[in-house]
Amino acid sequence: MKYIDEFRDRAKAETLVVEINRLIEKIAPPAPLAIMEVCGGHTHSIFRYGIEGMLPPEIELVHGPGCPVCVLPMGRIDDCLAIADRSEVILTTFGDAMRVPGSRGSLLQAKAAGADIRMVYSPMDALALARKNPDRELVFFGLGFETTMPSTALTVLQAEREGIRNFSVFCNHITIVPTIKAILDSPGLHIDAFLGPGHVSMVTGISPYHFIADYYRRPFVIAGFEPLDVLQSIWMVLKQIAEGRCQVENQYGRVVPEKGNIPALAAVARVYELREFFEWRGLGSIDQSGVRFREEYAAFDAERKFTVPNVKVADPSVCQCGEVLKGAIKPWQCRVFGTACTPENPLGALMVSSEGACAAYFQYGGVPKRVPEHA
Amino acid sequence: MTPRNFAKLSVPAITLAHGGGGKAMKDLVDDVFARAFDNPLLAPMEDQARIGLSELANMGDRLAFTTDSYVVDPIFFPGGDIGKLAVCGTINDLAVGGAVPLYLSCAVIIEEGMTVATLHRIAQSMAATAREAGVAIVTGDTKVVTKGACDKIFITTTGIGVIPAGVNLGVANARPGDRVLVNGRMGDHGAAVLVARGDLALETNLESDCAALHTLIADLLRSAPGTRFIRDATRGGLSTVLNEIAHASQVAIEIDELATPLGDEVKGVCEILGLDPLYLANEGKIVAVVPPGEVQAALTALRAHPLGMDAADIGFVREGEAGRVTMRTRFGGMRIVDMLVGEQLPRIC
């Protein structure tokens with residue numbers, strides 16, 4: 001298939017793996033190099049195409065926090081359920097969010113119990129439902145990084161233009177950069193380099209990441225999501241290390257413009273403002289890591305339109321999602337991985353979405369890593 | 001049926017009266033179902049079909065007996081409809097056990113308000129599919145429920161068939177070295193139904209692969225009598241069947257992504273929606289486990305049949321961790337192919 005198969009070419013992959021091995025030989029790292037792929041999309045690709053098993057043992061891939069579904073805290077799901085329970089509300093959401101457990105169940109369970117919860121593929125679909133159901137309150141469960149932030153913002157602007165009053169958004173949009181910084185500041189945590197977010201950067205451009213290379217001295221390569229993208233980005237990271245460079249490089253140039261998507265950024269700036277802090281599942285509260293609607297758009301803010309309990313719920317104490325998210329432990333090293341916590345009955349958020357590191361590991365992983373020939 | 005039965009059903013839509021057991025129901029049954037399914041075993045309109053045992057006994061030494069309910073949404077989709085699906089699906093459940101499918105029952109639950117024309121269309125489709133497959137729909141039941149108590153129409157078909165002596169297919173029969181075959185492109189049904197729902201605003205030429213597979217399976221078993229196991233890859237798709245085999249047979253299975261036939265449109269739909277084609281439902285595809293010595297004969301037989309032209313050898317059974325299914329990706333890596341968790345797509349059949 002055109003524009004797909006080219007990025008999954010086995011021969012090109014083999015060439016890259018040879019190059020990667022050559023660079024590793026040159027670098028000769030004393031301990032495995034820890035490379036964090038920031039996005040859940042990367043994690044999914046790595047497992048789906050078996051990329052980890054193609055890499056030399058001197059490279060350790062650490063699965064980062066970039067799955068917006070996974071990092072949603074229980075309290076926010078509870079708030080969402082409180083909105084969905086209102087008889088006048090039709091709650092709409094992306095499919096991934098349906099199974100995320102709150103403290104009293106998931107949206108899927110609430111739907112089975114009678115709440116009117118519908119899956120949509122775009123916030124515009126939710127707005128269309130609002131037009132179609134003028135006697136109901138349409139609430140869109142908005143979540144995601146800068147990738148989905150603009151589409152929610154544009155939908156709100158569209159609703160404003162049309163004067164649609166029965167539409168609002170339960171806004172859980174978050175921003176990745178403060179979280180990367182929090183990870184870099186975590187004591188005792190060692191990440192050598194990053195594969196940076198592809199679709200977030202398509203909106204933000206590459207300038208938000210310069211501090212990672214300049215201040216924290218870590219190579220940062222913005223990476224696409226096809227398997228060759230991931231391999232090539234790993235190669236670019238290694239090349240920086242081998243040459244003693246720390247730079248922000250853009251492997252995903254076919255999608256990510258240097259300056260980002262200017263109209264999208266304008267819509268984001270118009271509609272949202274930063275929250276003082278936002279709670280991340282497993283990582284705790286991170287300053288300025290979430291957004292909410294500006295005062296001018298308060299009418300579209302479901303949190304202001306309906307009262308929500310807004311109670312902070314602690315993650316189950318056995319969960320080690322935070323340590324997995326920070327790369328401190330591997331998914332299978334979590335004490336409940338595959339036992340109390342499975343994709344069927346996820347306890348921790350990383351087991352919920354197919355982009356969560358644990359779910360990906362559970363579903364696709366476990367294929368033994370290639371044993372080094374010299375071992 | 002006598003001609004005087006024609007067009008007794010003069011109202012345009014089904015109401016609760018048509019399920020009430022009185023005249024309206026008799027009219028509905030006579031006019032729609034009995035007329036379409038017309039066959040000697042149904043004709044006496046007793047409460048049960050009466051099937052001669054000796055005729056069955058001549059065909060084999062075991063009765064195969066299966067049932068399935070069909071709730072697909074939408075009820076009409078490119079390549080089929082709920083009626084065709086209800087006949088093919090149950091025929092296939094018999095056929096994959098090596099049985100010759102013979103008789104079906106048909107129980108329908110209709111939501112009031114369905115037009116009589118729609119019901120006619122579904123019954124005609126069932127009748128035509130059964131006739132073409134050489135099976136008879138010999139008994140049935142009709143219920144009508146209030147608006148909202150079901151969605152348009154749900155159909156349950158039960159089937160019986162006869163397994164010839166000596167045919168012993170079983171999910172626990174796979175052995176290391178056996179090959180895994182499929183009879184064509186995977187995922188067409190799931191993708192076609194998903195697109196037909198229309199809420200994705202995707203335009204494709206995708207058609208469901210919905211088909212009765214008993215003649216294909218008969219050809220396969222004739223050419224490769226050592227075949228260990230056959231199953232149709234319906235809900236849960238290819239990956240589910242492979243996992244069932246690996247668990248039951250206590251073996252590992254490895255398939256090759258490059259060898260697994262997939263249509264471009266299915267690939268495209270999966271790319272856009274983030275679905276994995278290995279989990280998409282099929283309604284006209286089998287997975288067959290065949291001993292190594294019979295692979296060529298099996299492939300030749302499958303490819304000679306109109307429903308098996310794209311048949312392929314997609315992988316093999318091996319020693320290793322029991323229950324483990326892996327796939328060599330087109331990229332050269334190796335990944336696990338696990339059972340589907342949750343629902344990739346509700347109401348697909």
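In the largest nonpolar core, which holds 229 residues, A:Ile35, B:Met126, B:Leu181 and B:Leu242 touch the most other members. The model is predicted. In soluble globular proteins, nonpolar side chains tend to be buried together. The surroundings of B:Met126 were examined beyond its neighbours within four places in sequence. There, B:Met126 is in contact with B:Ala36, B:Gly83, B:Lys84, B:Ala86, B:Val87, B:Cys106 and B:Ile137.

Chain A is assigned two domains. Domain 1 of chain A is made of residues 5–69, 177–258 and 320–364. Domain 2 of chain A takes residues 74–174 and 290–305. The centres of the two domains, taken over C-alpha atoms, are separated by 30 Å. Ten residues of domain 1 of chain A and twelve residues of domain 2 of chain A make up the contact. On the side of domain 1 of chain A that touches domain 2 of chain A, seven residues are nonpolar, three are polar and none is charged.

An open sheet of five strands is found in chain A, in the order S2-S1-S7-S8-S9. Its pairing is parallel. Strand S2 (59–66) and strand S9 (248–250) of chain A are the edge strands, and each pairs on one side only. Neighbouring strands of this sheet are turned against each other by 20 degrees on average, direction ignored. Six bridges link S2(A) to strand S1 (33–39) of chain A in the parallel sense. One pair of bridge partners is A:Ala34 and A:Glu60, the latter in S2(A). Helix H10 (227–242) of chain A lies across S1, S2, S7 (193–196), S8 (220–222) and S9 of chain A. H10(A) runs at about 145 degrees to S7(A).

A hairpin is formed elsewhere in chain A. Strand S11 (277–280) and strand S12 (284–287) of chain A run antiparallel and are joined by four bridges. A:Trp280 has A:Gly284 of S12(A) as its bridge partner. Three residues lie between the strands of this hairpin. A:Gly282 takes a positive phi near 85 degrees there. A positive phi is also found at A:Arg217, a residue other than glycine, with a value near 55 degrees. A:Arg217 sits in the loop between helix H9 (210–214) and S8 of chain A. A:Arg217 counts as exposed because it has 8 C-beta neighbours inside 10 Å.

Chain B is also assigned two domains, domain 1 (3–163) and domain 2 (179–336). Their C-alpha centres lie 29 Å apart. The contact takes 19 residues from domain 1 of chain B and 20 residues from domain 2 of chain B. Helix H3 (82–95) and helix H4 (116–133) of chain B each give two or more residues to the side of domain 1 that touches domain 2. H3(B) supplies the largest share of that side, with seven residues. The side of domain 1 of chain B that touches domain 2 divides into eleven nonpolar, six polar and two charged residues.

Strand S8 (229–232) of chain B is covered on both faces. B:Phe229 and B:Arg231 are buried on one side, and B:Ile230 and B:Asp232 are buried on the other. S8(B) pairs in the antiparallel sense with strand S10 (286–290) of chain B over four bridges. B:Phe229 stands opposite B:Val289 in S10(B).

Further local features occur in chain B. The peptide bond from B:Asp73 to B:Pro74 is cis, with omega near 5 degrees. B:Pro74 lies in the loop between strand S1 (62–70) and strand S2 (76–77) of chain B. B:Lys152, a residue other than glycine, has a positive phi near 65 degrees. The loop that holds B:Lys152 is between strand S5 (136–145) and strand S6 (153–163) of chain B. B:Lys152 has 18 C-beta neighbours inside 10 Å and so counts as partly exposed. B:Thr215, in helix H6 (214–223) of chain B, is partly exposed because it has 15 such neighbours inside 10 Å.

The two chains also touch. In this contact, 17 residues of chain B meet 23 residues of chain A. Helix H8 (264–273) and strand S13 (334–336) of chain B each supply at least two residues of the chain B side. H8(B) gives the largest share of that side, four residues. Five nonpolar, six polar and six charged residues make up the side of chain B that touches chain A.

Definitions and conventions
Residues numbered from 1 in each chain as written. Chains lettered and ligands numbered in written order. Predicted model: local features only at pLDDT ≥ 70, side-chain atom pairs only at ≥ 80, totals over all residues. Contact = placed C-beta atoms within 7 Å. Nonpolar A, V, L, I, M, F, W, Y, C, P; charged D, E, K, R; others polar. Pairing = 2+ DSSP bridges. Axes fitted to C-alpha atoms, helices over the stretch in contact; angles between N-to-C directions. Domains from an automatic or database assignment. Core = buried A, V, L, I, M, F, W, Y, C linked by C-beta atoms within 7 Å. Buried ≥ 20, exposed ≤ 12 C-beta atoms within 10 Å, placed from the backbone.
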